[in-house]
Amino acid sequence: MTFSGVVGTIASMLGVAFIWPQVIRVYSKQSVEGVSGTSQLIGLTGTLMWLTYGITTERVPMIVSNLNIEIAIIALMVMLVRKKALPLWQPVLAFTASAAFCIGFAFVSSTVIGVTGVIIGTPAIIPQVWRAIRTKHLFGVSVSSNVMLASMGTSWFLYGLAIDDPVVSYPNLVLIPSASFIAWRAWSSHRASLSRA
């Protein structure tokens with residue numbers, strides 16, 4: 001197996017796995033405390049574009065990973081709406097608008113979809129970073145999801161370099177340090193909660 005095949009497989013496996021501890025945490029704890037609804041909305045849109053980019057460029061690792069992430073983000077949206085952290089119309093509008101965009105451009109240019117995915121998807125984690133900075137209690141935020149997210153970003157970065165595709169590679173230069181910071185802040189918050197209990 002080639003280097004790109006190995007890192008693409010690792011990235012896909014982490015892409016399938018990373019988000020589920022977050023989904024499990026919000027459902028098991030029945031809490032979205034510390035979870036940024038804005039990050040999830042941007043992620044819903046950007047992930048759909050990455051999924052479409054993967055389909056139009058026939059990159060199976062991207063398809064598998066992003067389909068899984070989109071399903072998980074929808075599950076998180078359900079909890080955010082149930083807990084009144086987001087009004088229902090916001091995820092419905094975000095999904096509908098991005099789906100229309102992806103369908104419209106799927107037959108025109110995969111590059112437009114990929115670049116738009118970079119522009120929209122890359123900063124998706126920034127509202128969660130901001131929330132981690134200004135929120136003391138991150139009870140709803142999963143440490144393991146963010147550790148795996150940083151690892152996934154590293155794998156996608158290497159995969160993008162290996163296949164010479166900057167659209168795949170460079171957005172991870174934002175993702176890797178951001179997810180690492182969120183993981184550290186969530187870990188610190190959880191530890192502080194345990195010591196108070």
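**Close-up views of helix packing and selected residues**

**View A. The largest nonpolar core.** The largest nonpolar core comprises 46 residues, and those with the most contacts inside it are Ile19, Tyr53, Met77, Ile125, Leu149, Met152 and Trp156. A nonpolar core is a set of buried Ala, Val, Leu, Ile, Met, Phe, Trp, Tyr and Cys residues joined through side-chain atoms within 4.5 Å. Buried means under 20% relative accessible area, exposed over 50%, and partly exposed in between (1.4 Å probe, protein chains only). Helix α4 (residues 60-82) contributes the most to this core, with nine residues. Helices (H or I, at least four residues) and strands (E, at least two) are DSSP runs, numbered from the N terminus. This is a predicted model, in which local features need pLDDT of at least 70 and side-chain atom pairs count only at pLDDT 80 or more, whereas totals for chains, interfaces and linings use all residues. Residues are numbered from 1 along each chain as its sequence is written, and side-chain values use heavy atoms, with hydrogens and water left out.

**View B. Packing of helix α1 on helix α8.** Helix α1 (residues 3-17) packs with helix α8 (residues 143-162) at an angle of about 150 degrees, and their axes are 8 Å apart. That angle makes α1 roughly antiparallel to α8. Axes are lines fitted to C-alpha atoms, for helices over the stretch in contact, and angles run from 0 to 180 degrees between N-to-C directions. Angles under 35 degrees count as roughly parallel, over 145 as roughly antiparallel, 65 to 115 as roughly perpendicular and the rest as oblique. The α1 and α8 crossing is left-handed, a term used if the near helix is turned anticlockwise from the far one by less than a right angle (right-handed if clockwise). On the α1 side, the contact is made by Phe3, Ser4, Val7, Gly8, Ile10, Ala11, Ser12, Leu14, Gly15 and Ala17. On the α8 side, Met148, Ser151, Met152, Ser155, Trp156, Leu158, Tyr159 and Ala162 take part. Contact means heavy atoms within 4.5 Å. Ala, Val, Leu, Ile, Met, Phe, Trp, Tyr, Cys and Pro count as nonpolar, Asp, Glu, Lys and Arg as charged, and the others, Gly among them, as polar.

**View C. Packing of helix α4 on helix α8.** The axes of α4 and α8 are 13 Å apart, and the two helices pack at an angle of about 155 degrees. This makes α4 roughly antiparallel to α8, and the crossing of the pair is left-handed. Pro61, Met62, Ser65 and Ile69 of α4 meet Met152, Trp156 and Tyr159 of α8. By class, these residues are six nonpolar, one polar and no charged.

**View D. Packing of helix α3 on helix α6.** Helix α3 (residues 37-56) and helix α6 (residues 110-121) cross at roughly 155 degrees, with axes that come within 8 Å. That makes α3 roughly antiparallel to α6; their crossing is left-handed. Helix α3 supplies Ile42, Thr45, Gly46, Met49, Trp50, Thr52, Tyr53 and Thr56 to the contact. Helix α6 supplies Ser110, Ile113, Gly114, Thr116, Gly117, Val118, Ile120 and Gly121. The contact of α3 with α6 has seven nonpolar, nine polar and no charged residues.

**View E. Surroundings of Met152 and Leu175.** Setting aside neighbours within four places in sequence, Met152 is in contact with Ala11, Leu14, Gly15, Phe18, Ser65, Ile69 and Leu175. Leu175 lies in helix α10 (residues 172-196) and is buried, at 15% relative accessibility. With the neighbours within four places in sequence left out, Leu175 is in contact with Ile125, Leu149, Met152 and Gly153. The C-alpha atoms of Leu175 and Thr122 are 7.2 Å apart, and the two residues are 53 residues apart in sequence.

**View F. Pro21 and its contacts.** Pro21 belongs to helix α2 (residues 20-29) and is partly exposed, with a relative accessible area of 22%. Beyond the neighbours within four places in sequence, Pro21 is in contact with Ser142, Ser144, Ser145 and Met148. Pro21 and Ser144 are 123 residues apart along the chain, and 6.6 Å separates their C-alpha atoms.

**View G. Positive phi at Gln30 and Asp164.** Most residues other than glycine have a negative phi. Phi of Gln30 is near 50 degrees; this residue sits in the loop between α2 and α3 and is partly exposed, at 35% relative accessible area. Phi of Asp164 is near 55 degrees. Asp164 is placed in the loop between α8 and α9 (166-169) and counts as exposed, with 68% relative accessibility.
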